[in-house]
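The points may be read alongside the sequence and the coordinates.

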Amino acid sequence: MKKVFVAGHSGLVGSATVAALAGLKEYDLITRAHSDLDLSDRTATRDFFMTYRPDHVVMCAAKVGGILANSNFPVEFLHNNLAIQLSVFDAAHASGVDRMIFLGSSCIYPRDCAQPISEDYLLTGPLEETNRPYALAKIAGVEACWSFNRQHQRRYLALMPTNLYGPGDNYHPDHSHVLPALIRRFHEAKVKGAPSVTVWGSGRPRREFMFSSDVGDAIAFLLGLPDGDFDALTSPDKAPLLNVGVGHDITIRELAERVKETVGYAGELVLDPSKPDGTPRKLMDVTRFHKLGWRAKTPLDIGLRASYQDFLSKYATASRL
Ligand code: GFB
């Protein structure tokens, strides 16, 4: 049985990872609440790894947020992510972790790169300004994986998911990602009988949305790969990067229409061009992952309905909103 430490187990990706691995008899899951282990504390993190000696690590712990949170808190997005990553990579190596899956995001790629975005486009052009600090921290994580693979023959893989959503999302009105933000705004407008709902920006940017249980499933698939296949993904001669996504995108306006329909709101949709658009398009090239024999399976309408139900259950008790 392999011991797997899921760092950041209560977040969107972490909870999906725990759900995907929990039923598999070959894994013994280890998790720690933030209040019990501060992953930016290098000594505490090292002590924890030396005590529990995980075989694998799924590194989902991160400071994340939507376009406005990224713009308003650049220091936290850069600093907190770098601090957590330094501790976890250091402790993982010191304690002999053989496989790590480090989670990043599609924003590591250049703002205006060709679409769909291949893994080979890393560091081929300037980044999008609204999330450059977060992107640079995550690029440092990719480089850390590659450096440990080159210098210490580790097998650390950097997995870059497209925009994610799902149960346990952050529904904050300003700091969340677009999909949960719109669920909340349309729901509140419906309840109040408001005549219109505001959608930030021009509505023209295109985004790809993947349901969180699919990324949990992808992580379980990768951890279950035979050594030879995992070694090929993390061989020292190339950046150990792998995209994961659904392979198609929609405009923000189309997303807003879909959320409106899911929520059952009958009013108007109004665009607010004073808010930033961010990257014009972010569609992942998922050819490399598909060749391994895995595909995302949750259609947007099913995922949206599940997310709306999750929102309603939280909103009713206001426990996390
Ligand atoms: O999910 P989001 O905030 O982040 O989406 P990114 C931003 C896009 O949705 C922009 C539009 O085009 C916004 O103008 N949008 C419309 C809204 N209404 C809203 C709203 O109410 N809230 C939000 N948040 N957006 C993030 C990065 O980029 O993607 C992170 O900032 C991370 O670092 C994440 O990489 C996956 O897709 O632009």
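This is a predicted model: local features need pLDDT of at least 70, side-chain atom pairs count only at pLDDT 80 or more; totals for chains, interfaces and linings use all residues.

**Notes on the ligand site, helix packing and backbone**

1. In the side chain of Lys282, an N or O atom lies 3.1 Å from an oxygen atom of the ligand.

2. The side chain of Asn163 places an N or O atom 2.8 Å from an oxygen atom of the ligand. Ser176 takes part through its backbone, where an N or O atom is 3.0 Å from a nitrogen atom of the ligand.

3. The next points concern helix packing. Two packed helices are described by the angle between their axes and the distance between the axes. Helix H9, residues 252-263, packs against helix H11, residues 300-317, at an angle of about 55°, and their axes are 10 Å apart. H9 is therefore oblique to H11. The crossing of these helices is right-handed.

4. Which residues form the contact of H9 with H11? From H9 come Arg258, Val259, Thr262 and Val263, which meet Leu300, Asp301, Leu304, Arg305 and Tyr308 of H11. By class, the residues of this contact are five nonpolar, one polar and three charged.

5. H11 also packs with helix H6, residues 178-192, at an angle of about 60° and with the axes 10 Å apart. H6 and H11 make a right-handed crossing.

6. On the H6 side of this second contact are Leu179, Ile183, Arg184, His187, Glu188 and Lys190. They meet Leu300, Leu304, Ser307, Tyr308, Phe311, Leu312 and Tyr315 of H11. The contact of H6 with H11 comprises eight nonpolar, two polar and three charged residues.

7. Two backbone features remain. Most residues other than glycine have a negative phi, and most peptide bonds are trans. Gln115 and Pro116 are joined by a cis peptide bond, with omega about -10°. Pro116 belongs to the loop between strand S4 (99-103) and helix H5 (132-152).

8. Arg53 is not a glycine, yet its phi is positive, at about 45°. Where is Arg53 placed? Arg53 sits in the loop between helix H2 (42-52) and strand S3 (56-59).

Key: Residues are numbered from 1 along each chain as its sequence is written. Side-chain values use heavy atoms; hydrogens and water are left out. Axes are lines fitted to C-alpha atoms, for helices over the stretch in contact, and angles run from 0 to 180 degrees between N-to-C directions. Helices (H or I, at least four residues) and strands (E, at least two) are DSSP runs, numbered from the N terminus. Angles under 35 degrees count as roughly parallel, over 145 as roughly antiparallel, 65 to 115 as roughly perpendicular and the rest as oblique. A crossing is left-handed if the near helix is turned anticlockwise from the far one by less than a right angle, and right-handed if clockwise. Contact means heavy atoms within 4.5 Å. Ala, Val, Leu, Ile, Met, Phe, Trp, Tyr, Cys and Pro count as nonpolar, Asp, Glu, Lys and Arg as charged, and the others, Gly among them, as polar. A polar contact is a pair of N or O atoms within 3.5 Å; within protein, one must be able to donate a hydrogen and the other to accept it, and residues adjacent in sequence count only if both atoms are side-chain atoms.
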